[in-house]
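Work through the exercises below with the sequence and the coordinates open beside you, and try each task before you read its solution.

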Amino acid sequence: MSFILCYDVLMDEHSDQADWTAVWGEHLTAIACEACNSTFLLEQPPSNCPYCGQKSIAPLANEAMHLAHTQPPELTIPFLIKEEQVAQKLQAFSKRFWFAPSDMTLAHLRERTRPFFLPMWLVDSDATAQWGAEMGFDYDVVSHREKYRSGKWETEQIIRTQIRWEARVGTVERRYDNHPAPALEEHDALRQKIGAFKSRHARPFSPNDIKGRAIRLPDRAPEDAWTEAEASIKTAAIDQCRQASAAEHIRDFKWAAQFSNKEWTQLLLPVYTTYYQDDDGRTHPLIIHGQNGRLHGMRRASSKKAKRWSITIAAIALLTLCLSMIVGAISLAAEEAILPFAVIIFFGGMIIAMAALIPFIIVWYVNSKSEKE
Ligand SMILES: [Zn+2]
């Protein structure tokens, strides 16, 4: 098994993270998975990849000291979904499912369930900028309307809130802390599948957070993630400039910012992973959001089971058709009165023969629906 590709992607000659074990923990081992092209830190190298469930994993012994993205974790979002709730989700996933693969049992899914952390970048940066914007200030316009009611005139006061826009300019010189940016290339795809993570639940990282849990390392360089982090900083700056101007609204914000002293750390996002194998031996991973409990995974119905059912139904159809032939032959030779029974049995046999297609239609429907999802 070759891991040259993984190694080339992840090695970074200029990495200054060689002493990462001091921050993450001496007890952790680095492994790589060739199937999903990921690297992980965990206590004991497992037999299957903790993320995709495949067996394509290998420990990174000497290379581990030179991993590219081992910047220290700063914040952790704790698991809000407990393992009992995960079991309920898995039960719902594997239940009421025709022609489910033999390996897709609740017991197997539970046994392979692993609490797991995905990475997100956090960046701190100094920013110096000249900015300009239009600030909006609310003011009330009072008017009066005369109404004739119950034989007399009444005056009704009407208050309408309007916005007064004023051009403002200023400077910003401050440090921005913990602005997030995706650390995985698949971050957006994953968010669409299981939903976003709420960082308001984040708390300072503690080594206990990762005890017995696997951690996936970033596969996206900080330079690539900077665009999103900068957008987050700009959003914060817009609000701060609005507050500093005591305005209710802001528009046409422009700034020319210089950033310096960037420091990259990580935010750990909680998920559970598990997997099953379909009847063709292919591994299918499942992932469960550690905050909202949403599960994503592909449901694959077993074409082998469908085939067995179809053969059984076809055999019954064949026997029924043979019986109709026998009854028909007897009716022609001896007892004409039983001819209608032969016809009924014949049509019954034809219906059963057509039903032999149903298992294949169900498997096709389940698999194509799952692929679309
Ligand atoms: Zn993998």
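This is a predicted model: local features need pLDDT of at least 70, side-chain atom pairs count only at pLDDT 80 or more; totals for chains, interfaces and linings use all residues.

**Exercise 1. Overall form**

Determine how many helices and strands the protein has, and decide whether the protein is a compact globule or more spread out.

Solution. Begin with the secondary structure, where the count gives nine helices and 11 strands. Next, compare the radius of gyration, 33 Å, with the 21 Å that the globule rule gives for 373 residues; the value for the protein is well over that of the rule, so the protein is more spread out than a compact globule. Finally, take the spans of the C-alpha trace along its principal axes, which are about 110 × 90 × 35 Å.

**Exercise 2. Two domains**

State which residues belong to each domain, and describe how domain 1 and domain 2 touch.

Solution. The division places 4–123, 173–218 and 266–298 in domain 1, while domain 2 is made up of 304–372. Taken over C-alpha atoms, the centres of domain 1 and domain 2 are separated by 50 Å. At their contact, four residues of domain 1 meet seven residues of domain 2, and on the side of domain 1 the residues divide into three nonpolar, no polar and one charged.

**Exercise 3. Helix α7 against helix α8**

Work out whether α7 and α8 are roughly parallel or antiparallel, and name the class of residue in their contact.

Solution. The crossing in which α7 passes α8 is left-handed. Among the residues that make the contact are I313, A317, L321 and S324 of α7, together with F341, I345, G349 and I352 of α8; by class, the contact has 15 nonpolar, six polar and no charged residues.

**Exercise 4. Helix α7 against helix α9**

Find the handedness of the crossing of α7 with α9, and list the residues in contact.

Solution. Helix α7 (residues 303–333) and helix α9 (residues 358–372) have axes that come within 8 Å and cross at roughly 165°, and α7 and α9 are therefore roughly antiparallel to each other. Here α7 passes α9 in a right-handed crossing. From α7 the contact takes S303, A306, W309 and S310, and from α9 it takes P359, F360, I362 and V363, which by class gives six nonpolar, two polar and no charged residues.

How values were computed: Residues are numbered from 1 along each chain as its sequence is written. Axes are lines fitted to C-alpha atoms, for helices over the stretch in contact, and angles run from 0 to 180 degrees between N-to-C directions. Helices (H or I, at least four residues) and strands (E, at least two) are DSSP runs, numbered from the N terminus. Angles under 35 degrees count as roughly parallel, over 145 as roughly antiparallel, 65 to 115 as roughly perpendicular and the rest as oblique. A crossing is left-handed if the near helix is turned anticlockwise from the far one by less than a right angle, and right-handed if clockwise. Ala, Val, Leu, Ile, Met, Phe, Trp, Tyr, Cys and Pro count as nonpolar, Asp, Glu, Lys and Arg as charged, and the others, Gly among them, as polar. Domain bounds come from an automatic or database domain assignment. The radius of gyration is taken over C-alpha atoms; the globule rule is 2.2 Å times the number of residues to the power 0.38.
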